[in-house]
Amino acid sequence: MGWRSGCCKVLAIVAILLPCVLGKEYVVGDEHGWSINFDYQAWAQGKLFFVGDSLIFNYQQERHNVFKVNGTAFKECTPPANVPPLTTGSDRIQLKSAGKKWYICGIGFHCTAGQRLAITVLDKGAGVPSPSPSPRLLPTPPASLPTNSTNAPPPAPSTATKAAGFVFLMVFTILLAGIL
Ligand SMILES: [Cu+2]
């Protein structure tokens with residue numbers, strides 16, 4: 001009986017800390033990688049980038065590169081003359097501060113051809129930018145509710161609760177695997 005409550009405590013702590021400790025990794029363009037003929041703004045849309053997350057630019061070395069630029073250089077597709085580009089073919093950039101970030105390819109006319117990415121990095125504490133309160137802050141029904149309240153279907157979960165549930169499930173599975 002002891003392991004159960006102890007396990008729950010560990011679960012709760014891990015479920016809370018895990019998303020904070022581990023930054024997410026985003027492969028820019030997913031399997032398309034970092035190249036021309038891709039809509040990076042569409043790719044970035046709907047994604048939430050937080051401080052601590054990382055961008056990974058995958059591309060064929062010497063065919064492309066990655067410049068971190070400012071808004072003007074992004075708009076005009078002008079790579080900075082005084083800053084060397086990233087050129088490894090698998091460049092990882094950790095998002096260290098909140099705010100707008102811009103990346104372009106400095107080879108040929110690739111940037112003009114769409115090889116540029118603009119994202120907005122959010123502060124960890126900022127959470128999901130939404131006018132409605134976080135679902136985690138909603139009051140939970142009292143545990144003493146009679147009859148079949150525990151079996152009642154929960155209200156449709158938001159994306160945030162789904163994500164939290166997924167993390168919880170993962171952690172639970174890992175722990176369970178460790179115990180068994
Ligand atoms: Cu390029």
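Two strands count as paired if DSSP finds at least two bridges between them. In this predicted model, six bridges join strand E6 to strand E7 (residues 116-122), and the two run antiparallel. Within this pair, Gly99 has Val121 of E7 as its bridge partner. Strand E6 (residues 99-104) also pairs with strand E4 (residues 67-69), again in the antiparallel sense, over three bridges. Here Lys68 stands opposite Tyr103 in E6.

Another group of strands forms an open sheet of three, in the order E1-E3-E5, with mixed pairing. Strand E1 (25-27) and strand E5 (90-94) stand at the edges and have a single partner strand each, so one side of each is left without a neighbour in the sheet. On average, neighbouring strands of this sheet are turned by 20° against each other, direction ignored. Strand E3 (residues 54-58) pairs with E5 in the antiparallel sense, and Phe57 has Asp91 in E5 as its bridge partner.

| Pair | Bridges |
|---|---|
| E3 and E5 | five bridges |
| E4 and E6 | three bridges |
| E6 and E7 | six bridges |

Which residues touch the most other members of the largest nonpolar core? They are Val28, Trp34, Phe57, Val66, Tyr103 and Ile104, out of 17 residues in this core. Strands E3, E4, E6 and E7 are the elements that give two or more residues to the core. In soluble globular proteins, nonpolar side chains tend to be buried together.

Val66 has contacts beyond its neighbours within four places in sequence, among them Trp34, Phe57 and Tyr103. Val66 is also in contact with Pro85, Leu86, Asp91 and Cys105.

Note on methods
Residues numbered from 1 in each chain as written. Predicted model: local features only at pLDDT ≥ 70, side-chain atom pairs only at ≥ 80, totals over all residues. Helix = DSSP H or I, 4+ residues; strand = E, 2+ residues; numbered from the N terminus. Axes fitted to C-alpha atoms, helices over the stretch in contact; angles between N-to-C directions. Core = buried A, V, L, I, M, F, W, Y, C linked by C-beta atoms within 7 Å. Buried ≥ 20, exposed ≤ 12 C-beta atoms within 10 Å, placed from the backbone. Contact = placed C-beta atoms within 7 Å.
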